[in-house]
Amino acid sequence: MSNKRPWDLMNWVKKKTLLAIKTIAFEDQLCNNLTSLWNALHSSYNLTENCPINHRFLNKISQLNEFEWPPFTNQEFKNAIAKCSTSFTPGPNHIAWRYLRPLIYDKEYLDKIVGIANACITLEFWPSYFKEAKSVVIPKPNKEVYNTPKSFQPIVLLNTTGKLIEKVISNQLQYHMAQNRFLNTNQLGGIRQQSTINAGLYITHLICARWLKQYHTGVIAFDITQFFPSLNHIFLSRCLKKAGLNTNIIIFSTATIPIGQ
């Protein structure tokens, strides 16, 4: 050990083990060309596309009073971009958050962005520039071998300016939904002030409450596979209408479908 440096004993200086990637197989067929690979990935990521949806359960949900969508403010955009990670991978326009953030704090530029966002809602229109997207397929971590489509996951990279506007819209939608108690109280993922810790505390409370009654408790966890890529836009518009959103925002929401590869 006399010829070794102390840090040579650490894993991060040793030779990195490469991923065990083999030719991807789908339905017992090897994907040896781009066409077969695309069909395999597309079929795996869009399993529920065009599946029928039963809308009748919406009849049990009370209809909220319709309200006018409030205009965006400069402060909303400042708050939204302040929480954006600098490690974010930019979309087709190659503009990272670290480049856009200084512009947002320039009043002249910010006024124009806010004006565009308000005009999009008023006109029920989302420019094609903001719809441009680049889909990238990346390997899921900690897999023993990467030879099936399920060992990978797609991510969609959008143009940064449009993504910022969508973040502000999302914040307003969530505030309205939470204020009117439209969200289920058990929904913890993706909700502000509802973290993984909250989910753990809730499950722990249920388990302890059952133990007091001498019950045995089990937990079943499942994931809704590819929910967002397969989201039915007719169903989405009906949910938004139930939530009291006016026609402008409902039509706008169904017009923000990304395009591109």
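Predicted model: local features only at pLDDT ≥ 70, side-chain atom pairs only at ≥ 80, totals over all residues.

**Surface, then core**

Me: Which helix is Y129 in?
Reply: Y129 sits in α5, which covers residues 128-131.

Me: And what surface patch is Y129 part of?
Reply: Y129, I95 and Y99 together make a nonpolar surface patch of about 290 Å².

Me: OK, inside now. Which residues have the most contacts in the largest nonpolar core?
Reply: W69, F72, F77, L164, I165, I169 and L245, in a core of 30 residues.

Me: Which elements give two or more residues to this core?
Reply: α2 (74-82), α3 (97-104), α4 (107-123), α6 and α9 (247-253).

Me: What does F77 touch?
Reply: Leaving aside residues up to four places away in sequence, F77 touches F72, I104, L110, I113, V114, A117, L164, I165 and V168.

Me: What other core is there?
Reply: Another core, of seven residues, lies apart from the largest one. Among its members are I24, L41, Y45 and F152.

Me: Back to α6. How many residues does it have, and what length does it reach?
Reply: α6 has 20 residues, 160-179, and reaches 29 Å from first C-alpha to last, close to the expected 28 Å.

Me: Which residues in α6 are buried?
Reply: The buried ones include L164, I165, V168 and I169, and also Q172, Q174 and H176.

Me: What comes just after α6?
Reply: R181, with a positive phi of about 55°.

Methods:
Residues numbered from 1 in each chain as written. Heavy atoms only, no water. Patch = residues over 30% accessible without salt bridge, like charges linked within 9 Å, V, L, I, M, F, W, Y side chains within 5 Å. Areas by Shrake-Rupley, 256 points an atom, 1.4 Å probe, with all protein chains shown as cover. Salt bridge = Lys/Arg side-chain N within 4 Å of Asp/Glu carboxyl O. Helix = DSSP H or I, 4+ residues; strand = E, 2+ residues; numbered from the N terminus. Expected span 1.5 Å × (residues − 1). Buried < 20%, exposed > 50% of the residue type's maximum accessible area, 1.4 Å probe, protein only. Core = buried A, V, L, I, M, F, W, Y, C linked by side-chain atoms within 4.5 Å. Contact = heavy atoms within 4.5 Å.
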